[in-house]
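Dear colleague,

Please find below the sequence and the structure that I am handing over to you. My notes on it follow directly after.

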Amino acid sequence: MEKSLYSAEWVESYYDEFAGQEWDRLVRTPAREIQLAVHANALTTFTREGDRVLEVGAGPGRFTQILAQLGATIVVTDISQVQLDLNRENATTYGFAGHVAEWRKLDICDLSFYASESFDSVVAFGGPLSYVFDRRDQAIEECKRVTKPGGFIALGVMSLWGTVHQYLEGVLGYTPEENARIIATGDLTSENAKFASHFCHLFHSGELKQFLENHDLEVTFVSASSGLSAVHASVLDAVRTDELKWKQLVAMEIQACQTTGYLDAGTHLIAVGHKPS
Ligand SMILES: C[S@@+](CC[C@H](N)C(=O)[O-])C[C@H]1O[C@@H](n2cnc3c(N)ncnc32)[C@H](O)[C@@H]1O
């Protein structure tokens, strides 16, 4: 069997070391707050009060908290024990522990601990599907197996063109050959780029949609994580202090991010696939 590009050990140790920095990731700057609002909008659109949700790669719990506010019961899982411990700590500190059924360490590629059709939805935001590289077919089939018919899977993955857009200067630091390899395969690996230090598969929007359809999921929602403001971080501090302008910007972002022209503009892509009833 060909060697997989996926290293569970690398991902686990990366997020064990990253630790508490992850809780602030989506509130650190106004630009990140927009990403949080755009992801939250997808959850608000599809989650129903009383839903039983499997959250995979939950990290320290930004979206666990939002799912709890929406009235869901969440089974919180992650490959990193440090992130799981932080999630439990934050759930206690911020008062959403009562909505968490359990915390369990697991890999998105193996959800065998859970029975088939035992969740209304699976939420995997922040890239678990990107980290598993060529094991993504196995991962999505596992997500689909545990989802009830008619339920949905909400994914957040790393975006190829959105990452280039956001980090253009760094990207141009790679050689043309390295960039050509990454763009051709979507794979950010040390084989494709000698000095890469963060390894994942970067999707483009058409690829993500096709991937979900190939697994018989009906794609009901696709969005960038940000579009209008993606490379305007410097003006956002001022906008953030004006409540009216801020609300207007967030509303426009939610709308713009779902348009074809902006799908590949943000660092992440969000998609929701429904399992047939
Ligand atoms: C960028 S963080 C996102 C955390 C949270 N979902 C969010 O969006 O704020 C990615 C999380 O996914 C977890 N993760 C990565 N690969 C995973 C895998 N194969 N199975 C389960 N969790 C994984 C990491 O440990 C980390 O906590």
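Predicted model: local features only at pLDDT ≥ 70, side-chain atom pairs only at ≥ 80, totals over all residues.

D216 sits in the loop between α11 and β8, and its phi is positive, at about 60 degrees, although the residue is not a glycine. Most residues other than glycine have a negative phi.

A positive phi is also found at E117, a residue other than glycine, where the value is near 55 degrees. E117 belongs to the loop between β3 and β4. With 14 other C-beta atoms within 10 Å, E117 is partly exposed, because that count falls between the limit of 12 or fewer for exposed residues and that of 20 or more for buried ones.

The loop between β3 and β4 (119-124) also holds D110. D110 is exposed, with 12 other C-beta atoms within 10 Å. Between D110 and H165 there are 55 residues of separation along the chain, and their C-alpha atoms are 33 Å apart.

Strands of a sheet pair through backbone hydrogen bonds, in either a parallel or an antiparallel sense. Strand β1 (residues 52-56) pairs with β2 in the parallel sense, over 5 bridges, and E55 has V76 in β2 as its bridge partner. Strand β2 (residues 73-78) is mostly covered, with 5 of its 6 residues buried. Strands β5 (residues 147-158) and β9 (residues 268-274), by contrast, run antiparallel and are joined by 7 bridges. Here L155 stands opposite A271 in β9.

The nonpolar core

Which residues have the most contacts inside the largest nonpolar core? They are L67, V122, V123 and A124, in a core of 74 residues. Helix α3 (residues 30-46) supplies the largest share of this core, namely 7 residues. Leaving aside residues up to four places away in sequence, V122 touches L54, V56, C143, V146, T147 and I153.

The ligand

The ligand has 23 residues around it, of which Y15, G57, G59, S80 and G126 come nearest. The elements that give two or more residues to this shell are α1 (8-18), α4 (62-69) and α6 (128-131). How many residues of each class does the shell have? There are 12 nonpolar, 7 polar and 4 charged residues in the shell around the ligand.

With kind regards

Terms used. Residues numbered from 1 in each chain as written. Core = buried A, V, L, I, M, F, W, Y, C linked by C-beta atoms within 7 Å. Helix = DSSP H or I, 4+ residues; strand = E, 2+ residues; numbered from the N terminus. Contact = placed C-beta atoms within 7 Å. Near = placed C-beta within 6 Å. Nonpolar A, V, L, I, M, F, W, Y, C, P; charged D, E, K, R; others polar. Pairing = 2+ DSSP bridges.
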